[in-house]
Amino acid sequence: MQDNAIAPAPAPFLVRIAAMIYESLLVTAVVFVASFIIIPVVGEMHAPWQRHLFQVYILGVLFAYFSAFWLRSGQTLAMKTWRIRLVQQNGDRLTFRQAVLRFFLALIGLLLAGIGFWWALVDRDRQFLHDRIVGTRLVRVPRKA
């Protein structure tokens, strides 16, 4: 648990949006590479079961990407670049349960016209809706001296 006197500052909204834009480029590359692995196995994906299998596979790859970074250091590659860290409300690392909930709630919020992210504009602490529900927050990492 962190002392409130040295609690890190919340990451500004525009910095989080910039990190998300950069993250989308990285995730596109991850999905591109993951597709090269599965397409020779599944085939041309003409049948519905092939398309569903592909979608579940890509969802699993994305979950593995995000949860591995969140659980290990609290930062994806884009979050490191923009000096943002994902932590619990008390400053501790995320649990696996929180990573699962955050991933799927963020996905739902994104699919619903981004409502989970627009929520930050009206939230008293400028948190995304999935962070508010799961009990996590994005904080600014200080520059190294």
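Student: Buried means under 20% relative accessible area, exposed means over 50%, and partly exposed is in between, using a 1.4 Å probe and protein chains only. Which of these is Asp123?

Tutor: Asp123 is buried, because its relative accessibility is 6%. Note that this is a predicted model, where local features need pLDDT of at least 70 and side-chain atom pairs count only at pLDDT 80 or more, while totals for chains, interfaces and linings use all residues. Residues are numbered from 1 along each chain as its sequence is written, and side-chain values use heavy atoms, leaving out hydrogens and water.

Student: What does the side chain of Asp123 meet in a salt bridge?

Tutor: The side chain of Arg132, at 2.6 Å from N to O. A salt bridge here is a side-chain nitrogen of Lys or Arg within 4 Å of a carboxyl oxygen of Asp or Glu. Arg132 is partly exposed, because its relative accessibility is 25%.

Student: Why would side chains pair like that?

Tutor: Opposite charges can pair when the charged atoms come close.

Student: What else does Arg132 form a salt bridge with?

Tutor: Asp125, with the closest N and O atoms 3.1 Å apart.

Student: Where does Arg124 come in?

Tutor: Its side chain meets that of Asp125 in a salt bridge of 3.8 Å, N to O. Arg124 is exposed at 72% relative accessibility, and Asp125 is partly exposed at 42%.

Student: How many salt bridges are there by this rule?

Tutor: Four.

Student: New topic. How do helix 2 and helix 4 cross?

Tutor: The axes of helix 2 (residues 48-72) and helix 4 (residues 96-111) come within 10 Å and cross at roughly 130 degrees. So helix 2 is oblique to helix 4. Helices are DSSP runs (H or I, at least four residues), numbered from the N terminus. Axes are lines fitted to C-alpha atoms over the stretch in contact, and angles run from 0 to 180 degrees between N-to-C directions. Under 35 degrees counts as roughly parallel, over 145 as roughly antiparallel, 65 to 115 as roughly perpendicular and the rest as oblique.

Student: And Val41, where is that?

Tutor: Val41 is in helix 1 (residues 13-42). At 67% relative accessibility, Val41 is exposed. Its C-alpha atom is separated by 35 Å from that of His130, which is 89 residues apart along the chain.

Student: Back to helices. Where is Ile115, and is it buried or exposed, or partly exposed?

Tutor: Ile115 is in helix 5 (residues 115-118). Its relative accessibility is 48%, so Ile115 counts as partly exposed.

Definitions and conventions:
Helices (H or I, at least four residues) and strands (E, at least two) are DSSP runs, numbered from the N terminus.
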